[in-house]
Amino acid sequence: MSTILQVAEERRGDVPVVFLKGRMDATTSPDAEAHINRLIDGGDRQLVVDLSGLEYISSAGLRVLLSGLKRLKASGGMLKLTALAPEIQKVFDIAGFNRLFPIYRNLDEALGADAAR
Amino acid sequence: MTGGVTRRLTVPATLGHLEALTGMVTGLLKEHGFPEKTIFEMDLAVDEACTNIIRYAYTPGEGEVTLECTVTPTSATVCIIDSGHPFDPLAVEPPDLSGGVEDRPIGGLGVHLIRNLMDTVTYEYTGGKNILCMTRFRKPGEQSGESDHL
């Protein structure tokens with residue numbers, strides 16, 4: 001099991017896609033938070049976070065995603081999530097996050113969908 | 001195997017030791033053939049409980065946390081012990097999950113996850129120690145190495 005979080009970014013047209021791979025816990029989540037905040041501070045309003053490589057998320061990771069979504073929504077933007085593994089989806093369901101975030105099966109769907117759901 | 005196998009670990013209560021704490025539990029469960037899904041959920045419950053202790057139980061940088069993990073053929077139990085401020089996580093009100101993004105407080109989800117993922121959770125404060133015990137039973141039909149389809 002991975003004990004680190006890898007954060008990578010790739011632009012698809014105008015939209016930055018953040019890839020989170022590995023383990024998102026209290027130790028590693030600040031890296032993802034810094035990355036997401038940097039994008040928002042830089043003016044991006046539409047973010048896609050690809051979780052296909054995410055093996056683990058704790059409430060510390062959920063917090064980072066929620067604070068990103070709050071910041072973006074407050075300024076008319078959106079944070080979309082894509083490709084949640086079943087265990088990750090279960091954590092989202094328990095936390096009620098499935099009703100807060102637009103969640104897509106894969107990156108193409110997230111990029112093709114309208115910003116507002 | 002009869003009875004249970006217990007492993008104990010005491011480390012300073014810092015985030016740098018979180019991996020050692022969760023790793024001890026996941027390692028023991030793996031050795032005893034618990035399904036990946038159970039290991040994931042135990043990992044998460046231990047992470048949440050220990051992160052709370054590391055963040056709130058002591059003056060930062062002080063104190064220790066002890067983990068005691070017992071596996072039997074039918075269950076896995078983790079007890080987490082600290083000598084910090086008395087804190088009963090089971091007395092925490094469940095979070096309100098009904099609101100929209102704007103209303104959602106940041107935080108307060110750790111205990112909620114623990115309660116939902118574990119089969120039993122008990123807390124006591126005795127001898128100046130917080131003792132939180134969490135058990136996950138091996139459900140009928142859960143086989144060693146079973147894939148974790150939900």
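Trainee: In what sense do strand 3 and strand 4 of chain A pair, and over how many bridges?

Mentor: Strand 3 of chain A and strand 4 of chain A (residues 78-82) pair in the parallel sense, over five bridges. Pairing here takes at least two DSSP bridges between the strands. Strands (E, at least two residues) and helices (H or I, at least four) are DSSP runs, numbered from the N terminus. A:Leu47 has A:Leu79 in strand 4 of chain A as its bridge partner.

Trainee: And what should I know about the model and the numbering?

Mentor: This is a predicted model: local features need pLDDT of at least 70, side-chain atom pairs count only at pLDDT 80 or more, and totals for chains, interfaces and linings use all residues. Residues are numbered from 1 along each chain as its sequence is written, while chains are lettered from A and ligands numbered from 1 in the order in which they are written.

Trainee: Back to the sheet. What is the strand order in chain A?

Mentor: The order is 1-2-3-4-5, in an open sheet of five strands with mixed pairing. Strand 1 and strand 5 (103-104) of chain A are at the edges with a single partner strand each, so one side of each has no neighbour in the sheet.

Trainee: How do strand 1 and strand 2 of chain A pair?

Mentor: Antiparallel, with eight bridges between strand 1 (residues 5-12) and strand 2 (residues 15-24) of chain A. A:Glu10 stands opposite A:Val17 in strand 2 of chain A. The hairpin has two residues between these strands, and A:Gly13 takes a positive phi near 65 degrees there.

Trainee: How many bridges join strand 2 to strand 3 of chain A?

Mentor: Seven, and strand 2 runs parallel to strand 3 (residues 46-57) of chain A. A:Gly22 is opposite A:Leu54 in strand 3 of chain A.

Trainee: At what angle does helix 1 of chain A pack on helix 2 of chain A?

Mentor: About 10 degrees, with the axes 9 Å apart. Axes are lines fitted to C-alpha atoms, for helices over the stretch in contact, and angles run from 0 to 180 degrees between N-to-C directions. The two helices are therefore roughly parallel; the cut-offs are under 35 degrees for roughly parallel, over 145 for roughly antiparallel, 65 to 115 for roughly perpendicular, and oblique for the rest.

Trainee: Where do helix 2 and helix 3 of chain B come in?

Mentor: The axes of helix 2 and helix 3 (residues 110-117) of chain B come within 9 Å and cross at roughly 145 degrees.

Trainee: Last one. How many residues does each chain give to the contact between them?

Mentor: Chain A gives 24 residues and chain B gives 23 residues. Contact means C-beta atoms, placed from the backbone, within 7 Å. On the side of chain A that touches chain B, helix 2 of chain A gives the most, with nine residues.

Notes. Contact = placed C-beta atoms within 7 Å.
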